[in-house]
Amino acid sequence: MEAEPRIGVYICHCGVNIAANVDVEQVAQFAATLPGVVVSRNYLYMCSDPGQGLIQQDIQQHGLNRVVVASCSPRMHEPTFRGAAQQVGLNPYLVEMANIREQCSWVHSNREQATEKAKALVASTVAKAAQLEPLVEREVGVTPGALVIGGGIAGLCAALDVADAGFPVYLVEQSDHVGGRLKDLNRTFPTLELVADLLGPLVERVRSHPKVTVLLNSQVTSVEGYVGNFEVQVTPAPSSTPSSSPLKVGSIIVATGYDLFDPHRKPELGYGQYAHVITSLEMEQRLFEGRVGVDGQEPKRIAFIKCVGSRDVQVGNPYCSRVCCMVTAKQARLVQELLPEADVTVFYMDVRTFGKGAEEFYDEARDKGVLYRRGTVSEIIRRGERVVLMGEDTLQGRPFEFEADLVVLAVGMEARSDVGALSTLLKLPRSADGFFLELHPKLRPVDTAVNGVFLAGCCQGPKDVTDTVAQAKAAAASALIPLIRGTVPAESATAVVEPELCAGCGMCVEVCPFGAPALDALWPVSRINFVLCKGCGTCAVTCPSKAIRLQHFTASQILAQVDALVE
Amino acid sequence: MGTVIPSEARNLDKPAALVIGGGIAGIQAALDIADAGFPVYLVEREPSVGGRMAQLDKTFPTLDCSSCILTPKMVDVGRHPNIELMTYSEVVSVTPVNRETGKLVGEETGSHQSTNLPTYQPTKPPAFHVQVRRKPRYVDVSKCTGCGSCAAACRMKGRVPSTFDEGIVKRSAIYVPFPQAVPLKYTVDPSVCLYLSRGTCGKTFLCKDACPAGAIDFEQQEEMVNLEVGAVIVATGFDLLDARLKPEFGYGVYPEVMTGIEFERLSSASGPTMGKIVVNGKQPKDVVFIKCVGSRERRREQAALGSQQAALGGVPYCSRVCCMYTAKHAHLVRDKLPDARITVFYMDVRAFGKGYEEFYDRVKHERVIYRRGEPSEVYRRRTTDGEIHDGDGGGRLVVLAEDTMLGKPVEVEADLVVLATAITPRTDMPQTAGLLGLACSPDGFFQEAHAKLRPVDTALDGVFLAGCCQGPKDIPDTVAHAKAAAASAMKVLVQQSSSIHSSSTQSSSTHSSSTHSPEGRPI
Amino acid sequence: MTPQGLLKTEPMVEQLELMGCIQCGKCTGGCPVARKTTLNIRSLIYHMLVEPELDVNAHPELWDCTCCFTCVERCPKDVRPAELVIGLRGQLVESGQIPDTIGAALTGIFRQGNPTGMAREDRCGWTNGTQVKAAQQGCQVLLHVCCTPAYDPRVQVVPRALVKAFTAAGLDFGTLGTEESCCGNEVRRMGEAGLFEMLVEENGELIRSVGASRLVATSPHCFNTFKNEYSLTGMEVVHYTQAVAQLLDEGRLKFSNEVKKTVTYHDPCFLGKQNHIFDEPRAVLKAIPGLKLVEMDRNRERSLCCEGGGGRMWAEGTNLAERLAFQRVHEAAETGAEVLAVACPFCLLTLEDAVKVQGLDEKLRVMDIMELVDLALA
């Protein structure tokens, strides 16, 4: 370890983003006066190639052993500057950033005050930088194999992609068949192909694939380990003992699907009370048989009601179920084609036919005679042999009583009620709507907060087959990256235990959200798994013996920052 | 014919992928394939990657700043040791090659075309011979520091409409498209540079004189590069309907009428007005948003028109993102102009994605009035004296629509009208399609192999689609689609490569392992 | 509101948060009176959203709303449409533009604590000599009699039957006697927010001072407001059917007589639809020996409003067609029932009136559940 810190400070203009509100030259001049600072510069765009070049040159020519870049949030360019340093042989953890953009120039308008604040932030970061230590970069090996939980269309497609890439895949399915809920559907939209024609060959490929092991009637009952090195216990129902030794895999894909909304929860629609009222799933079953009515009686007036259990705060589902508009258009059209003389009406709030070919499909459904009426149905009552839908036609501006022989409720999708155990096992968080939460709603739709665990299909949110398949393949891509590389990197800024100080009390084990610390079996001392550790610091502050150090955020580093700010 | 790019730190025994297009789709696909350890050539015709997403202000429904979530990925792509970023370049030809014989496919009997079965698997691993034209920037990128002195000195400064800013801002003949460009290197636009287009630029080259690094080189020639790749991903993105094709809305005639993408630039803090909503020098009091401009339009003869429909001003499909970005725009206006009256005219509100309906609810609670009815025209109200006045007292724009809830026509005055124009296939689709032998769907976008089960595959082995070039999508669906294309490409590349995965003691000296991994670092 | 009756819409839109409305039409679609008057609540909400002003005077149909709150219960965006009706009625009340009969009811409540126009001193006439403990002395259970059962001779049997049942069950209960005032549920719904606030304050203080642990309300209307709009912390608020069902369950009340009747039950809007109490009244009926319970098609959540709530007891409305109560009694008769059982004083009066007008007296008799309980008790 070098004796004296030799710190280079770089103040970024960020175009006008910082420079407009902060006098960057002044800050650079101030920084030059700080203890340990050997070089202090300001530049237009530090993240640019020339900007990084400045850092690299100074490291080489001035023998810098610490770098402070005062610019944007580390979430933007910490990797950039670390990489620049590493390229010329400086340990990347000897680079620290001061956020004088999001935390300064972007939120203050008084230039003088903003400049003073920027100086304080820089001084604080320089104080920390003086105490930084180089950290080791580690990688762990990856077990070449994946686990897919759920054998529906999402699970099948994800499994195939991983297996086709040459890796063994265990496909765990809790029921006695694969194909999931898609199996219960007759035809797809907008192409109106038979589901069996699509699913059949897919299932066959999976069954016969040399790299795929399908475990039916099975559930995941324990998950240990970490990305690249999971150990998963799979238990076949109904026995409660695991059947064999745990499966070892490198990636896990969750594809557990969805539940359908139970329309009993909307009693005013008469489901369960009137035989005339059925769900869209039950309509699919009828379409399989090429009939619409029961006992040979074909209905003359058929109504479809959308948004049943979706976009409805009264049942706790404010979200849209995404597929029902197309399911309804498909069923309405097929029914109209089966019964050309029948009146087929769809009651709606909006028509969300957004996919490829969907708007055209909606147009064609109307061409075939399906009538779309704007206004959702408030309740259904019986009148003689028929039922009556009470609603308002919002375009006519008056209430209606619509008699029908058959009413189809487009029930929405919900998060499965039985994934609680799995979600706990995998430590997967959920969104407000109950589905699994992805890491970032825009840019990370299949990754989760747990490294190595990915989401595919409706378990993350309602979607149709096309989007499910795309997402399943996306999950496969994420799952394949560590498998193909063969290693995964581990976070360097993790917590470490000083064994001499550790009393073996186990409090760190209790408070860690990631299960990283564990008490050694033989010697009552905690050891922290550096792959599971995310460097949150909870254990470090909890430890009553102060035996845990959070690297890169040590007590002395943080105190140095505070001291510099307070001065 | 030209030079082959040296592979630097790459494993030469790993087959490479070609990604055509450097928007978010191309970037995501390239990163996934590169993270898996394969070399990727990412070819982008503009001087910088980033595509349309870089033009956006904030994204729905999270209201993240678009550049802030995009630029880290752009930087990643620029620095990834496995990615060769070729900006300001175009793919000239892609020729399938039979790996075993080395012959070009087509020289042999039998076609390389595959079938559209849902579970089709190629029998022979594909390979392609690719030619890329690297257009001359007239700037030596090894010397350019991106300082901007050249642009400041350029004789054409302030006279060239910037495509990135939708023409609202004027730049110089030498430029970077936007300040966070990757790579941050200047480029001379040969169509407007006086020297390149007319042969002379005054007595002296002002740009050359200003450049402290001596980077400007008008002798630079284009370069043709030959590449051998095992998979091709097409991520060429989309265009937007020319709003002048809908003259009833007065776009191009009334300065107060703009398109959604122009609004993005107006609202952006790095845009022409630093994010202030200002029209005709004033803050608008009444803002009207019109959706479905050119989308969801049927024609009897549309089957015959194919992708020409866009050129005639109307497409039959739904553009998928406009309902949400209009809600977002309405929110941004409310954020910046708390007292404005904001009206959104709609036929349906398609808030279908995760968190979208809740966002729509939120926007309505911010006093954005949604009125059902597709406006028919926009006109300027004449004042009583027959003159057109600016400001109060007359001469304002009027949006004419039927409010289908009230069941009567309404006229809503507006100081700003934003048109959500249709997303259309790029006008150069036929050329790109011809390059690769790709088919297009009736809507004019590239045709996927199977509508339900193979959303990224094409009829050609080894060629995949990512993002909006296959059909309009929002960012989450684009990212998933791009990752799906990467998965398809990875399968093919794995099959082609000599070893399936690198040894577990791979050296960790490259910084990519610790700083680029998506797994360890949430964005 | 301007003197001409023009209301600026924006403040009320903000206050009531009407902006969440997506114009789906479920409110008007399920509104019982929408089919027989020009009242279209969805259209009114839309008007509030898009127009700067509303001429409140031009909407006399605002008085047709029964405040059954079907719209509130079903709105997928939780907009609470009926609150707009109440808010607009408030504007009319402030400007004095209200039907005379409603004005009289409000004046009565203000002056004498009840809408009937009779004196406060006469409020205890219903006891008919029976001694009922004064709750002011302290008791476990406070029985809130309600104005209509207190003064209307037809309904007085209900609180009398309750007293008999509670006594038999050994409950420590009492009433506020002549100090009891109108709960204000209808007052708020008629738009008289000021009077309502006053009632909540005064009644609340008086009720809390009793120190009872439970309040039992005879009427679902009183029950609704005490439970949801007053803050009677520390007190459990129940409707009498819940109390009686519990007593039966605990064995503290036993039925000894047979009541051999076929009975159908009409769910009152303020008990069923709004507070989701459907099972306890049925449990009480089913516990009566010999009683056969049959269900109408439109039961529970879809029960057809009798048009007694929302001030409709004191205003005819702009009805263009016959009263819904007429339709309802026919529905009851069609089940083959001899008795139409109710659990609300307003339902009792309107449905009984309908039976008479529709000439169904021979076939159908309207009875409160407590009347049947009374027959079953010794």
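This is a predicted model: local features need pLDDT of at least 70, side-chain atom pairs count only at pLDDT 80 or more; totals for chains, interfaces and linings use all residues.
Okay, let's start inside chain B, where 14 residues of domain 1 touch 9 residues of domain 2. On the domain 1 side, α2(B) gives the largest share of that contact, with 6 residues.

Helix α2 of chain B, residues 66-79, has a neighbour in helix α1 of chain B, residues 24-35: their axes come within 10 Å and cross at roughly 50°. Because of that angle, α1(B) counts as oblique to α2(B). As for the hand, this crossing is left-handed. If you want to click on the residues, α1(B) brings Ile24(B), Ile27(B), Ala30(B) and Leu31(B), and they meet Leu70(B), Lys73(B), Met74(B), Asp76(B) and Val77(B) from α2(B). That contact has 7 nonpolar residues, no polar ones and 2 charged ones.

One more stop in chain B, for anyone who checks omega values. The peptide bond between Val182(B) and Pro183(B) is cis, with omega about -5°. You'll find Pro183(B) in the loop between β10 (174-175) and β11 (187-188) of chain B.

Over to chain A, and another helix pair. Here helix α1 of chain A, residues 24-31, and helix α5 of chain A, residues 111-131, have axes that come within 10 Å and cross at roughly 35°. This crossing is right-handed. On the α1(A) side you have Gln26(A), Val27(A), Phe30(A) and Ala31(A), and on the α5(A) side they meet Thr115(A), Ala118(A), Lys119(A), Val122(A) and Val126(A). Counted by class, the contact has 6 nonpolar, 2 polar and 1 charged.

Now the sheet, still in chain A. It's an open sheet of 5 strands, in the order β8-β7-β6-β12-β23, and the pairing is parallel. At the edges sit β8 (212-215) and β23 (453-455) of chain A, each of which pairs on one side only. From one strand to the next, the twist averages 20°. Let me zoom in on one pair: β7 of chain A, residues 169-172, runs parallel to β8(A), and 4 bridges join the two. To pick one of them out, Val169(A) has Val212(A) in β8(A) as its bridge partner. What packs on this sheet, touching β6, β12 and β23 of chain A? That's helix α12 of chain A, residues 465-485, and its direction makes about 170° with that of β12(A).

Hold on to α12(A), please, as we look at where chain A meets chain B. The contact takes in 84 residues of chain A and 79 residues of chain B. Which element gives the most to the chain A side? It's α12(A), with 17 residues. Other elements give two or more residues to that side, including α2 (49-62), α3 (74-87), β5 (138-141) and α10 (358-367) of chain A. By class, the chain A side has 38 nonpolar, 24 polar and 22 charged residues.

Phe189(A) and Pro190(A) are joined by a cis peptide bond, omega about -5°, and Pro190(A) is in the loop between β7 and α7 (195-208) of chain A. Then there's Lys546(A), with phi near 50°, which is a positive value in a residue other than glycine. Lys546(A) sits in the loop between α14 (538-542) and β28 (548-550) of chain A.

Last up is chain C. Its domain assignment gives domain 1 (6-94), domain 2 (119-248) and domain 3 (255-376). The C-alpha centres of domain 1 and domain 3 of chain C lie 28 Å apart, and their contact takes 15 residues from domain 1 and 17 residues from domain 3. On the domain 1 side, that's 7 nonpolar, 4 polar and 4 charged.

Chain C also touches chain B, through 8 residues from chain C and 9 residues from chain B. The chain C side there has 4 nonpolar, 2 polar and 2 charged residues.

Note on methods:
Residues are numbered from 1 along each chain as its sequence is written. Chains are lettered from A and ligands numbered from 1 in the order in which they are written. Two residues are in contact if their C-beta atoms, placed from the backbone, lie within 7 Å. Ala, Val, Leu, Ile, Met, Phe, Trp, Tyr, Cys and Pro count as nonpolar, Asp, Glu, Lys and Arg as charged, and the others, Gly among them, as polar. Axes are lines fitted to C-alpha atoms, for helices over the stretch in contact, and angles run from 0 to 180 degrees between N-to-C directions. A crossing is left-handed if the near helix is turned anticlockwise from the far one by less than a right angle, and right-handed if clockwise. Angles under 35 degrees count as roughly parallel, over 145 as roughly antiparallel, 65 to 115 as roughly perpendicular and the rest as oblique. Two strands pair if DSSP finds at least two bridges between them. Domain bounds come from an automatic or database domain assignment.
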